[in-house]
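Dear colleague,

Please find below the structure that I am handing over to you, followed by an account of what was found in it.

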Amino acid sequence: MFKLLSLVALVLHLANPALVLSHRHGHHDQTPLADVHDFTAKPDSGSPPTWLEKYGQQIDQPFSGPLSFSHLPYSRCLEDETTRFDIAVLGMPFDTAVTYRPGARFGPYAIRSGSRRQRETRGYTLSWQNNPYELGSKIMDCGDVPVNPFDNALAVDQMEVAYSTLLARPVASSDSTALSPVSARFAKDGKQHPRIVSLGGDHTIVLPILRSLNKVYGPVSVIHFDAHLDTWPAYPGTSTEQSRVTHGTFFYLAREEGLMTNTSIHAGIRCKLAADVAAALQGMADLENDVSVGFQLISTDDIDDYGVAAVIKRIRDRVGDSPVYLSLDIDVIDPGLAPATGTPEAGGWTTREVKRIIRGLAGLNFVGADIVEVSPAYDNAEITGIAAADIVHDFLSMLLSSAPPTPHSMWAPAKDEL
């Protein structure tokens, strides 16, 4: 028993750092362990350092910070009239003209959230071979248009006024090499105008956008990525002028108002079409109407039959040298890859195919672009928001590139070692 107690006492003695130090250095040489490991004291003042002195800037992690697109500088550009930019990201959280599932009012939020792992300092991509944030243009997030959710006529006017306000803003860059020659070349006043990437919102937002662009550029050609035509005259039961304005009729109305050229084109169409009883072919009624609105059509299946390169060539040949607006409905992508949308259609293009086509369009005379119909309530693990955010990054590179990127070099040719 005595030996056991002695062993316990020895263990307790060794477990006490202060006693161990006193045996090694003498009682007066003891140094409290708290002081040994205290790195917080300033060497001169003895007071703890500030965060900035010890750790530096208060950077935003991918999962933290205010929510702006790709952590870009954020400003309420509509009220701060001193804000200057060359390209603005603008949210349009409008979704009260849909025919099926609502929820795209949360699209701007979802796209910004999907962009959180993107940032200016890590914007270079192998596919584009550039970083759009390092090409000399000032790009910023201008927030959202505070659209009225109860009155569609009011909301459409608010979006038009907002877009026109930013479009009339003087550009930020003084270096002409950093600016696109497109806006000055096609603008009625011969001046440089900013370009806007809009985050929808349902597809109706394109009507007020085209009205705004028309004031500056006149009629424009539209490249329209979508599963649906969106050129229908009206839906059954229409009884008022305002009820004609929906996310499936806005192109028809734009054509009535003379906002588009006769050289527009759809890409990715696969929706069901209405039959003309008097026509020999089913679906001819919708297609004939579509032609009258000024569109040619590339179906989803054309990418299998003719390939990506042929799709790109068809689009480029169609719009030619005209001023071009690009509108992309996220439902052009297969719902297995982008489920968060209001009117999903099976059998769409892959995200990679869409991104590849966009790269092939660089160098056209783009005056603006949008991505619409992201409804995050139907998403899974943010895959639609992430895809949409990545496409917006592609838009920025597209707007600032004078030609499609050349394919990067492949691996060295294999050698026969035998």
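The structure holds twelve salt bridges, a salt bridge being a side-chain nitrogen of Lys or Arg within 4 Å of a carboxyl oxygen of Asp or Glu. The model is a predicted one, in which local features need pLDDT of at least 70 and side-chain atom pairs count only at pLDDT 80 or more, while totals for chains, interfaces and linings use all residues. Residues are numbered from 1 along each chain as its sequence is written, and side-chain values use heavy atoms, with hydrogens and water left out.

One of these salt bridges joins Asp141 and Arg112, at 2.8 Å from N to O. Asp141 lies in strand β2 (residues 139-144) and Arg112 in helix α5, 29 residues apart. Helices (H or I, at least four residues) and strands (E, at least two) are DSSP runs, numbered from the N terminus. Asp141 is buried at 0% relative accessibility, and Arg112 is buried at 4%; buried means under 20% relative accessible area, exposed over 50%, and partly exposed in between (1.4 Å probe, protein chains only). Arg112 and Asp141 also belong to a salt-bridge network that includes Asp144.

A further salt bridge links Arg211 with Glu257, whose closest N and O atoms are 2.7 Å apart. Arg211 is in helix α8 (residues 206-217), and Glu257 is in the loop between α9 (250-256) and β5 (264-269), 46 residues away. Both are partly exposed, Arg211 at 22% and Glu257 at 37%.

Of its 19 lining residues, Gly114, Arg117, Gln118, Arg122 and Asp390 are the closest to its centre. On a 1 Å grid over the protein atoms alone, a pocket is an open set of points where a 1.4 Å probe fits, with protein on both sides within 12 Å along at least five of seven lines; lining residues have an atom within 4 Å of a point. Helix α14 gives the largest share of the lining, four residues.

Of its 418 residues, 48% count as buried.

With kind regards
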